[in-house]
Amino acid sequence: MSFLTLTHLEKTFGQNRVVKDFSLDIDRGEFISLLGPSGCGKTTVLRMIAGFEQPTAGGITIDGKDVTALAANSRNIGMMFQAYALFPNMTVADNVAFGLKVKGAPKAEREARVAEMLALIGLADLGGRYPFQLSGGQQQRVALARALAPRPSVLLLDEPLSALDAKVRVSLRNQIRQIQQDLGITTIFVTHDQEEAMSISDRIVVMNGGVADQVGAPFEIYNRPTTKFVANFVGTLNTFEVEVADAASGRVMLAGQGLTLPNAPLAARTGEKLSVALRPEALRLGRLPDAEALLTAQVTDVHFMGSVIRVKADLAGAAVSLDTFNRPDTPPPVVGSAVEVSLSGRDFILL
Ligand code: ADP
Ligand code: MG
């Protein structure tokens, strides 16, 4: 049985329906990300779970109990926001102790728990500091400790990393995931950053205009997007028009080459055009023995990014992005040159 359930949640502000028929079953200990562009309703879903916003319709249960009508402070939820949410006039230790104090925990218990939480986030020595004496990343770790101190049954994180710089972001997201797994706490993480969501989630909910477009493991969302929106929002997409040579067997033609698509029979009819897509890593540089087709591309741009090289090229009438791994003995392709590109029908995403 799922631990946290959202059933047909709706939220309307005036005439604006910002969350529409949102249902989701979350397992105990699961790490779920709500991923979507700004304004798609992520924060509103989180605030309804926390009890800061009353749903216009629908229900929320936690551990089998209907909490839809419960006040926020009766839901036993820990929450962490984007940034600068610490109490500036309180020490780190007092910030972390805050929720415990509100609950009426005795002093000795508070002190023990604060020490435990500060050790957990790797800031055992900084309990006496004030927030302004900490870096942004340290402040967010304190905010995490403060959210976790009262032992909430659910942890809600609303873009907790978006104010931090790139390196700190990556290190803190890994730390959040590690702590979440160590504690086994059911967590919902809101982000507009697809790489962030993919790297730390058990499952991702891709949201679009207040609706959950697709729910799935990162691998599934990336490789088998079920809507055009998801395909475009998560990762880079190269789209092509192919001609259906035989709908029953999934046979199509691209620039004079035959390819067999997955999911035959195709929805289009034989002789019709079909819109399909490939991820950049499915366009493989060079002549590979396991490929179904070999095409020539004209290189228009090269971005050396370290472990990966992204090549922009014209291929079969489309401007494409192609990713290849760096190899120290092989210089990147040169702009203006022609390169061979290997591809296979099984890698295509049908849109
Ligand atoms: P996200 O977190 O995905 O960026 P939000 O949930 O914050 O999106 O907002 C979704 C939509 O709801 C936006 O159009 C926003 O302007 C609107 N909205 C959010 N909160 C309120 C509110 N309290 N009153 C009116 N409109 C709101
Ligand atoms: Mg938001």
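Select helix H3 together with its neighbours: the buried residues of H3 pack against helix H2 (92-102) and H4. A residue is buried if 20 or more other C-beta atoms lie within 10 Å of its own, exposed if 12 or fewer, and partly exposed in between, with C-beta atoms placed from the backbone. Helices (H or I, at least four residues) and strands (E, at least two) are DSSP runs, numbered from the N terminus. The model is predicted; local features need pLDDT of at least 70 and side-chain atom pairs count only at pLDDT 80 or more, while totals for chains, interfaces and linings use all residues. Residues are numbered from 1 along each chain as its sequence is written, and chains are lettered from A and ligands numbered from 1 in the order in which they are written.

**Helix H3**

Select residues 107-120. Helix H3 has 14 residues and spans 20 Å from its first C-alpha to its last, close to the expected 20 Å (1.5 Å times one less than the number of residues). Colour Arg110, Arg113, Val114, Met117 and Leu118, the buried residues of H3. They lie on the same side of H3, because they cover an arc of only 135° around the axis; the arc is that of the directions from the helix axis to the C-beta atoms. On the face turned away from the buried side, find the exposed residues Ala108, Glu109, Ala112 and Ala119. After H3 comes Gly122, whose phi is positive, near 75°.

**The nonpolar core**

Next, select Val96, Ala145, Leu156 and Val206, which touch the most other members of the largest nonpolar core, a set of 84 residues. Such a core consists of buried Ala, Val, Leu, Ile, Met, Phe, Trp, Tyr and Cys residues joined through C-beta atoms within 7 Å. Helix H4 (residues 136-148) supplies the largest share of this core, 6 residues.

**Val206 and Gly36**

Centre on Val206; its contacts beyond four places in sequence include Leu35, Gly36 and Phe233. Contact requires C-beta atoms, placed from the backbone, within 7 Å. Move to Gly36, in the loop between strand E3 (31-35) and helix H1 (42-50). Is Gly36 buried or exposed? Gly36 counts as buried because it has 28 C-beta neighbours inside 10 Å.

**The open sheet**

Finally, display the open sheet of 5 strands, ordered E15-E19-E16-E17-E18 with antiparallel pairing. Two strands pair if DSSP finds at least two bridges between them. Strand E15 (284-285) and strand E18 (318-325) are the edge strands, each pairing on one side only. Arg284 has Ser342 in E19 as its bridge partner.

Definitions and conventions: Contact = placed C-beta atoms within 7 Å.
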